[in-house]
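Thanks for coming. I have one structure to go through today, and I will keep it short.

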Amino acid sequence: MAAKAIDDCMVAVADRLRRAQHVCCLIGAGISAESGIPTFRGPDGFWAGRSAFDLATPEAFARDPETVWRFCLWRRSQLVTKRPNAGHHALVAIERLVPQFTLVTQNVDGLHRAAGSANILELHGNLMVDRCTACALETQAATDGGFETIPICPECRAMMRPGVVWFGEMLSLDAIQKADAAARSCQAMLVVGTSSVVHPAAGLAEMARLHGAFTVEINPEETPLSRIMNMCIRMPAGEALPAIVEAMNSSDRG
Ligand code: OAD
């Protein structure tokens with residue numbers, strides 16, 4: 001896209017966000033790609049050459065908890081060195097510029113919180129949380145090593161499990177109800193860095209569109225939801241989101 005067309009596009013999105021009472025953002029793994037965390041699908045994704053059914057289902061955990069934990073502990077060891085990027089920081093800026101903001105993320109990496117986002121719904125849980133398989137106690141995982149040992153509950157000594165949602169599991173009812181309400185009530189939704197193939201998250205963008213929100217997809221690639229979006233920005237999140245913030249700040253001054 002030519003520079004002038006990109007500028008016009010950012011100004012148009014900024015204008016919509018500025019006029020919205022409530023902005024909702026639906027986020028996927030693509031935003032963290034620029035922090036060095038692989039996405040899930042595609043040739044370099046987490047699921048390339050791996051079976052999600054052997055690593056991320058309740059059945060796999062019941063059958064072979066060690067393999068499931070080993071995968072999770074490896075992901076944790078990768079995650080602790082990663083930092084939020086310009087895309088995460090831009091979302092923090094947008095949250096501060098609009099009256100109401102809901103960030104619905106499918107990511108389990110905790111980078112939105114690290115960047116400073118406040119109103120976050122973690123639909124798929126958090127990789128750095130342990131939950132007891134017996135008493136449901138939740139604890140924060142250690143970030144300074146210990147990536148070899150399966151955690152044991154400090155209260156009841158049962159095996160912990162990772163605090164993420166596996167395939168075939170229910171999402172937290174509270175989180176999905178709040179996300180659904182945000183999708184229905186927002187006037188603008190940014191759909192960032194998600195392949196939009198995993199439900200119920202993907203359905204939130206359709207819900208927002210159905211309820212009249214202006215929907216914008218930020219993703220270098222086309223997705224199954226591209227055709228229902230009001231606008232698609234084919235750029236990396238770390239470039240597009242800061243440009244939108246800049247346009248919002250300029251319109252503020254102008
Ligand atoms: P995917 O790996 O399915 O999709 C990542 C998307 O990010 C793709 O559409 C890419 O084109 C896009 N992308 C890559 N780099 C980008 C960048 N720099 N800026 C913007 N977009 C970029 O990841 P998700 O859609 O998040 O679930 O996957 C959804 C769920 O499936 C995950 O939460 C996980 C996974 O299996 C569970 O673990 C339950």
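I will start with the ligand and then turn to the backbone.

First, the ground rules. This is a predicted model, in which local features need pLDDT of at least 70 and side-chain atom pairs count only at pLDDT 80 or more, while totals for chains, interfaces and linings use all residues. Residues are numbered from 1 along each chain as its sequence is written, and side-chain values use heavy atoms, with hydrogens and water left out.

Now the ligand. 23 residues surround the ligand, the closest being F40, R41, T194, S195 and N219; to count, a residue needs a heavy atom within 4 Å of the ligand.

What does R41 do here? An N or O atom in the side chain of R41 is 2.6 Å from an oxygen atom of the ligand. For E34, a polar side-chain atom lies 2.8 Å from a nitrogen atom of the ligand. On its own, the ligand has 810 Å² of accessible area, and the protein covers 89% of that (Shrake-Rupley method, 1.4 Å probe).

On to the backbone. H199 and P200 are joined by a cis peptide bond, with omega about 10°. P200 is in the loop between β7 (188-192) and α9 (201-210); helices here are DSSP runs of H or I with at least four residues, and strands are E runs of at least two.

S196 is in the loop between β7 and α9. Although not a glycine, S196 has a positive phi of about 55°. Is S196 buried or exposed? S196 is buried, at 7% relative accessible area, where buried means under 20%, exposed over 50%, and partly exposed in between (1.4 Å probe, protein chains only).

Conventions
Polar contact = N/O pair within 3.5 Å; in protein donor to acceptor, adjacent residues only side chain to side chain.
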